[in-house]
Amino acid sequence: MNSGTGILDGEKEMNKQETELPATGTDVAPAPADAPHAISSTESPGGMRTAGIFAAVALLAAIAYGLHLRSASEKGLSIATEEAAIPSVNVVHPVQGSKADDLALPGSVQAFTDTPIYSRTNGYLKKWYFDIGAHVQKGDLLAEIETPEIDQQLDQSRAELERMQANADLAGVTSNRWQALLAKHAVSQQEADQTRANYIAAQAAVDASRANVRRLEQLQSYERIIAPFDGIITARNTDIGDLIDAGSGSANPRELFHMDATHKLRVYVAVPEVDSDSIHDGDSAMLTQDSNPDAKISGTIVRNANAIDHSTRTLNVEVDVDNAKGVLRPGAYVFVHFNLPAIGNTVTVPSNTLLFRAEGLRVGVVRGDRVQLVPITIGHDFGNAVEITSGLTPADEVILDPSDSLASGTEVHPQMVSRRGQS
């Protein structure tokens, strides 16, 4: 009875296990009744515990890595925020010297010799040989004038000289004869003296006539207009057949030619009284002109007026320039640069570096990545730049376009700007 009951209980247990198997869509053969049950390691309590530990460790590792990334990101953001909080400033070094050391003044170029050429005799222009722009040498024939009146007067004067000479010869012979008769007491002393006086008068008349001949010959030589020096013809105011009047003092004088000697030029400059003591004869000067700004022409101070013009309060200074190459032209407008002696250790900074504070004028200087507001003294104001006479050195790093709120001790990042990059 007991054994039958045991068999029945075993069959019920097997049927219960078959009904608890999951339906997988695959027929599973029932295990033999006498085979032992196989249990998977993962389904054992120990395996499940190990898998859970591994999963927990992986989760913790993922959480730790995420926290690490977040901490690193926050730290980087904090550093970037702190760096962004430090402002960047553009700085520039002051320039040694000052624009005031270069005194540039306008000047007018003049030819070393500037001459109008007039006729010294009356007549008609026969021919001219040189026109404007021509380079001529001293003694070159510029033009010829026909002077028929002078020619006739010269012929008459020469004939008159011959007559006077004949009279003088006769008076000389007569005087000699009367002196011989006087020795024999054949004539009186009065008569002998009279003949001697007539001879002397005749000689004087000959001399006067000869001088008149030379005068007319000189006038006749003025028929040829000759270049008085080496230079350039800058004007020709006559032509063939023009009536020529002698001299330049007539009511309506005619200048036949105008000549300039351009191998050497004079430049006259009006130097302000305040700078007159810095100008010395023999010093050098530099010339520039707007028509050719790249050309630098050297000159020399040769003389000055040694007196201040009371109306303009300036000193008239002459600068001579060697112009053998013809770089300059007479009448050109130029700028003459005088190199004045430097006053102390002056530097020049851009105008946009200045800070106007209640305590005085300041500039921001970067020293050790910190700002220092340095008091300065201005010499000359050049508009886009100012001359600093005290407070700065060429090694300082001066802040460009400083903010009104800039204060000493502020940490900054300086960035050097070239002189070309300055406004």
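User: What makes Tyr333 count as exposed?

Analyst: Happy to start there! Relative accessible area over 50% is exposed, under 20% is buried, and in between is partly exposed (1.4 Å probe, protein chains only). Tyr333 has 51% relative accessibility, so it counts as exposed. This is a predicted model, in which local features need pLDDT of at least 70 and side-chain atom pairs count only at pLDDT 80 or more, while totals for chains, interfaces and linings use all residues. Residues are numbered from 1 along each chain as its sequence is written, and side-chain values use heavy atoms, with hydrogens and water left out.

User: And how is Phe335 classed?

Analyst: Phe335 comes out at 25% relative accessibility and therefore counts as partly exposed.

User: Why are Tyr333 and Phe335 called an edge-to-face aromatic pair?

Analyst: Rings of Phe, Tyr and Trp (its six-membered ring) pair if their centres lie within 6.5 Å; planes under 30 degrees apart are stacked, over 60 edge-to-face, and the rest tilted. For Tyr333 and Phe335 the centres are 5.6 Å apart and the planes make 80 degrees, which gives an edge-to-face pair. The structure holds one aromatic pair.

User: How do you know that α3 and α4 are roughly antiparallel?

Analyst: Axes are lines fitted to C-alpha atoms, for helices over the stretch in contact, and angles between N-to-C directions run from 0 to 180 degrees. Under 35 degrees is roughly parallel, over 145 roughly antiparallel, 65 to 115 roughly perpendicular, and the rest oblique. Helix α3 (residues 148–183) and helix α4 (residues 189–221) pack at about 160 degrees, with axes 7 Å apart. The two helices are therefore roughly antiparallel.

User: What makes β13 largely enclosed?

Analyst: In strand β13 (residues 314–322), seven of the nine residues are buried, so the rest of the structure largely encloses this strand.

User: Which strands pair with β13?

Analyst: Two strands pair if DSSP finds at least two bridges between them. Strand β10 (residues 257–272) is joined to β13 by nine bridges, in the antiparallel sense, with Arg266 opposite Asp320. Strand β12 (residues 292–308) is joined to β13 by five bridges, also antiparallel, and Ile308 has Leu315 as its bridge partner. There are five residues between β12 and β13 in their hairpin, and Arg313 in the turn has a positive phi of about 55 degrees.

User: Why do β7 and β9 stand at the edges of their sheet?

Analyst: The open, antiparallel sheet has the order β7-β6-β4-β9. β7 (224–226) and β9 (243–244) each have a single partner strand, so one side of each lacks a neighbour in the sheet.

Conventions. Helix = DSSP H or I, 4+ residues; strand = E, 2+ residues; numbered from the N terminus.
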